[in-house]
Amino acid sequence: MTFLGVPNDYAKSKYVVLSCPYDSTASYGVGMRSGPQAIIEASRQVETYDIQLQRDFSGCGIYTFGELEVHRGSPEKNCAYVKEAVEAVLREKRIPILLGGEHSVSIGAFNAFASRAKGISVLHLDAHADMRDEYEGTKFNHACVMRRCREAFHAVSVGVRSYSEEEAQLIRKGGLDVFGSEFEASAVVKRLKGEVYVTVDLDAFDPSECPAVGTPEPGGLRYKQAAELLSEVAARKKIVGFDVVELCPIPGNRISDFLAARLAYKLICLIEAAGK
Ligand SMILES: [Mn+2]
């Protein structure tokens, strides 16, 4: 099965979809290992004509690599696998699209960019700050993702509405760019520097629109709001890759799978339309 159901032609591809079915550090509700498969399945039902951009972008060269090897015993080793795969995509000047799996897989993608591209910033959509230094004995836990990210990159978080007291102090003292669910898209874009990698933890969305996540938090983003923000980012910045993580499919309920697939395709459309 391929993303959108388009033919899989690596030679002509510009985007490479990598699936990482990893969920070993999830704290509340596992099942994210089936997230990537559910997104790809749902993507086959996504209408490929984009009505805002008035074009069908499905022929732009999307290659579905399939599932990466996972290391269930060690989140650190698992991140190393992801890093290697993303590096291979970057080496061939293609755009990586990573589907999770839990959010810790994004650390692998950040590390791949850290070793190649200087001066990128990370746009982070999430209900949580993910700024813990260590959690459950590892620095590669999903709760530490943005702490690791901010060690290497400037990051701007959006949709954040849940964090610990320690994280609150870090955000305040460090003057970190952390927006809640209400924001001006232009204010977010203003904080981004250079090229942009986008990491989407699906719990950023309101549970009414995306219930299938490990840790649903009320008061989240609307799909429309996120699409408008990403449109603004794509128009003003160059998006060099993205991930969509933390889908924890609910049997018989495809709302969230479809939102994730729709969002991933929207990002491809926006990157294509920007033509950078
Ligand atoms: Mn989260």
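1. Helix α1 (residues 35-43) is largely enclosed by the rest of the structure, because seven of its nine residues are buried. A residue is buried if 20 or more other C-beta atoms lie within 10 Å of its own, exposed if 12 or fewer, and partly exposed in between; C-beta atoms are placed from the backbone. The buried residues of α1 are Gly35, Pro36, Ala38, Ile39, Ile40, Ala42 and Ser43. Their cover includes the strands β1 (15-20), β4 (62-67), β5 (95-100) and β10 (239-245), and the helix α8 (255-274). Contact here means that the C-beta atoms of two residues, placed from the backbone, lie within 7 Å.

2. A word on the basis of this note. The model is predicted: local features need pLDDT of at least 70, side-chain atom pairs count only at pLDDT 80 or more, and totals for chains, interfaces and linings use all residues. Residues are numbered from 1 along each chain as its sequence is written.

3. The protein chain has eight helices and ten strands. Helices (H or I, at least four residues) and strands (E, at least two) are DSSP runs, numbered from the N terminus. The C-alpha atoms fill a box of roughly 50 × 40 × 40 Å, taken along the principal axes. Buried residues make up 50% of the 276 residues. Of the contacts with a separation of 6 or more, 78% come from residues 24 or more positions apart.

4. Now the sheet. Eight strands form an open sheet in the order β4-β1-β5-β10-β9-β6-β7-β8, with parallel pairing. Strands β4 and β8 (177-178) stand at the edges with a single partner strand each, so one side of each is left without a neighbour in the sheet. Two strands pair if DSSP finds at least two bridges between them.

5. Which strands does β10 pair with? Three bridges join β5 to β10 in parallel, and six bridges join β9 to β10, also in the parallel sense. Isoleucine 97 has phenylalanine 242 of β10 as its bridge partner. For aspartate 201, the partner in β10 is valine 245. Strand β10 is mostly covered, with six of its seven residues buried.

6. Strand β9 (residues 196-201) also runs parallel to β6 (residues 121-125), and five bridges join the two. Histidine 124 has threonine 199 in β9 as its bridge partner.

7. Helix α8 lies across β1, β4, β5, β9 and β10, and runs at about 180° to β10. Axes are lines fitted to C-alpha atoms, for helices over the stretch in contact, and angles run from 0 to 180 degrees between N-to-C directions.

8. How do α1 and α8 cross? Their axes come within 8 Å and cross at roughly 75°. The two helices are therefore roughly perpendicular to each other. Angles under 35 degrees count as roughly parallel, over 145 as roughly antiparallel, 65 to 115 as roughly perpendicular and the rest as oblique. On the α1 side the contact has Ala38, Ile39, Glu41, Ala42 and Ser43; on the α8 side it has Asp257, Phe258, Ala260, Ala261, Ala264 and Tyr265. Eight of these residues are nonpolar, one is polar and two are charged. Here Ala, Val, Leu, Ile, Met, Phe, Trp, Tyr, Cys and Pro count as nonpolar, Asp, Glu, Lys and Arg as charged, and the others, Gly among them, as polar.

9. Helix α3 (residues 105-114) packs with α4 (residues 145-152) at an angle of about 5°, and their axes are 10 Å apart. That angle makes α3 roughly parallel to α4. Ser106, Ile107, Phe110 and Ala114 of α3 make the contact with Val145, Arg148, Cys149 and Ala152 of α4. Six residues of this contact are nonpolar, one is polar and one is charged.

10. Six of the eight residues of α4 are buried, so α4 is largely enclosed by the rest of the structure. These are Val145, Met146, Arg147, Arg148, Cys149 and Arg150. Cover for the buried residues of α4 includes α3, β6 and β7 (154-158).

11. Methionine 1 lies in the segment before β1. Methionine 1 is exposed, with 11 other C-beta atoms within 10 Å. Leaving aside neighbours within four places in sequence, methionine 1 is in contact with Ile40 and Glu41.
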